[in-house]
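Thanks for coming, everyone. I'll keep this short and walk through one model. Please have a look at it first.

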Amino acid sequence: MVLPMNVTVTKRPRSTAAIDAEPALDARPQLAEARMPDGMPVASRDAPVGGQAVLEGVMMRGVSTWAVAVRKPDGEIEVSSEPLVSWAKRHRVLRWPVIRGVVALAESLRIGFRALAISANAQIEPEEGEEAQPIGGFTWGVTVALSLVLAVGLFFVAPVGATSLIKDQLGSSVLFWLVEGLLRTAIFIGYLAAISRLRDLRRVFEYHGAEHKTISCYEAGDRLTPARAERYSRLHPRCGTSFLLVVMVVAIFVFAPLGLPAWYWLLASRILGIPLIAGLSYEVIKWAGRNRRKRWVRAVMWPGLMLQNLTTREPDREQLAVAIAALEAVLAVESAEQAAKAAAIEIVA
């Protein structure tokens, strides 16, 4: 397996005793007053911890480190961790509103693709008498580029192109950006609905649910065991699915003032405007996270939570054990003081 520099790798054997254990609580969990749409509890507090589901595993990130835990074909849990120095710490301007959102998104994409590479290589089983051949950096580079092109084309270029075909019939710039925005949102929801039916992605969505349950268990101050974590909701207020829905809605208002310029300006604005939309969406998510106890804010967040029913599935205890291993690798490095100083950081879960 090819790993980034400064990565620490540890292995944990399968342990059914740890998975089935039901220890007593040290303290009463801190739960939110209202339950999530799936009827399960979620933590009342927010912690600077986020994550992502990968192939047969989970990536967790904190303030100063990130780790990915993967269940290998032989049943072992392999944990890889790496120090994390946020780009926002290097220059003050990168911490300005809107700009910090663009930086956070770029960081998340970089870490996410590296975690996917680690998890994919961990699943490669060598032929008898031969060493496993890891997926090379060039292959992953092409994969990343094609993924970004597909996302931009599907969610930004296609909606404006399709709406331009009926521009004359609409006869109004207001109707144009409204129809385009609704079409973009419909494509996004349709895309999630389609991939949620793919059998090969089901386990990834189960690990996504394990990631959310583990983070909520930690935020509630509960014991980090599979038996305790499975009691929490698989939906989380800071999920990337909710963030992407906010992106779709914010894009409507960002593009509205541009009116109806020539088609090439329409196309260019949809591509060049992505960083601004991402930055503004980050501020919306950050604000909603600080005000989530308000009933009307929870009502606004409700559609994003419902979409998570498409991108998460109920995990089993073995999958929860993998998510916990990744989070414990982060917590083993980070101190409570670091987390307290970073309380204002909004990390997508």
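**Surface, salt bridges and buried spots**

Let's start on the surface. Val93, Trp96 and Ile99 make up a nonpolar patch there, and together they have about 260 Å² of accessible area. Keep in mind that this is a predicted model. Trp96 sits in the loop between β5 (77–83) and α2 (99–122). Its relative accessible area is 48%, so Trp96 is partly exposed; the cut-off for exposed is over 50%.

Val98 has 23% relative accessibility, so it counts as partly exposed.

Glu56 is another non-glycine residue with a positive phi, near 55 degrees. You'll find Glu56 in the loop between β2 (50–54) and β3 (57–61). With a relative accessible area of 22%, Glu56 is partly exposed. Glu56 also belongs to a network of salt bridges, together with Arg202, Arg203 and Glu206.

That brings us to charges. Side chains of opposite charge can pair when their charged atoms come close. How many salt bridges does a search of the whole structure find? The count is 15.

Pair one is Arg100 with Glu283, where the closest N and O atoms are 2.8 Å apart. Arg100 is in helix α2 and Glu283 is in helix α10 (residues 274–290), so this pair ties together parts 183 residues apart in sequence. Is Glu283 buried or exposed? Its relative accessibility is 18%, so Glu283 counts as buried. Arg100 has 24%, so Arg100 counts as partly exposed.

Pair two is Arg270 with Glu180, and here the closest N and O atoms are 2.6 Å apart. Arg270 lies in helix α9 (residues 263–272) and Glu180 in helix α5 (residues 173–195), so the bridge ties together parts 90 residues apart in sequence. Both Arg270 and Glu180 are buried.

Arg238 and Glu219 are both buried.

Now back to the second pair, from another angle. Which residues does Val160 touch, not counting those up to four places away in sequence? They are Phe176, Glu180, Leu266 and Arg270. Val160 belongs to helix α3 (residues 137–164). Its relative accessible area is 3%, so Val160 is buried.

Next, Ser242, in helix α8 (residues 240–255). Ser242 is at 8% relative accessibility, so it counts as buried. Beyond its neighbours within four places in sequence, Ser242 contacts Pro237, Gly304, Leu305 and Gln308.

Then Ala122, in helix α2. Ala122 has a relative accessible area of 6%, so it is buried. From Ala122 to Pro134 is 12 residues in sequence and 8.5 Å in space, C-alpha to C-alpha.

Last, the cysteines. A search of the whole structure turns up zero disulfides. Cys217 is at 0% relative accessibility, so it counts as buried. Cys239 is at 1%, so Cys239 counts as buried too.

That's the tour. Questions, please.

Technical notes. Residues are numbered from 1 along each chain as its sequence is written. This is a predicted model: local features need pLDDT of at least 70, side-chain atom pairs count only at pLDDT 80 or more; totals for chains, interfaces and linings use all residues. Side-chain values use heavy atoms; hydrogens and water are left out. Patches are made of residues with over 30% relative accessible area and no salt bridge: like charges are joined within 9 Å, nonpolar side chains (Val, Leu, Ile, Met, Phe, Trp, Tyr) within 5 Å. Accessible areas come from the Shrake-Rupley method with a 1.4 Å probe; for residues, only the protein chains shown count as cover. A salt bridge is a side-chain nitrogen of Lys or Arg within 4 Å of a carboxyl oxygen of Asp or Glu. Helices (H or I, at least four residues) and strands (E, at least two) are DSSP runs, numbered from the N terminus. Buried means under 20% relative accessible area, exposed over 50%, partly exposed in between (1.4 Å probe, protein chains only). Contact means heavy atoms within 4.5 Å. A disulfide is a pair of cysteine sulfur atoms within 2.5 Å.
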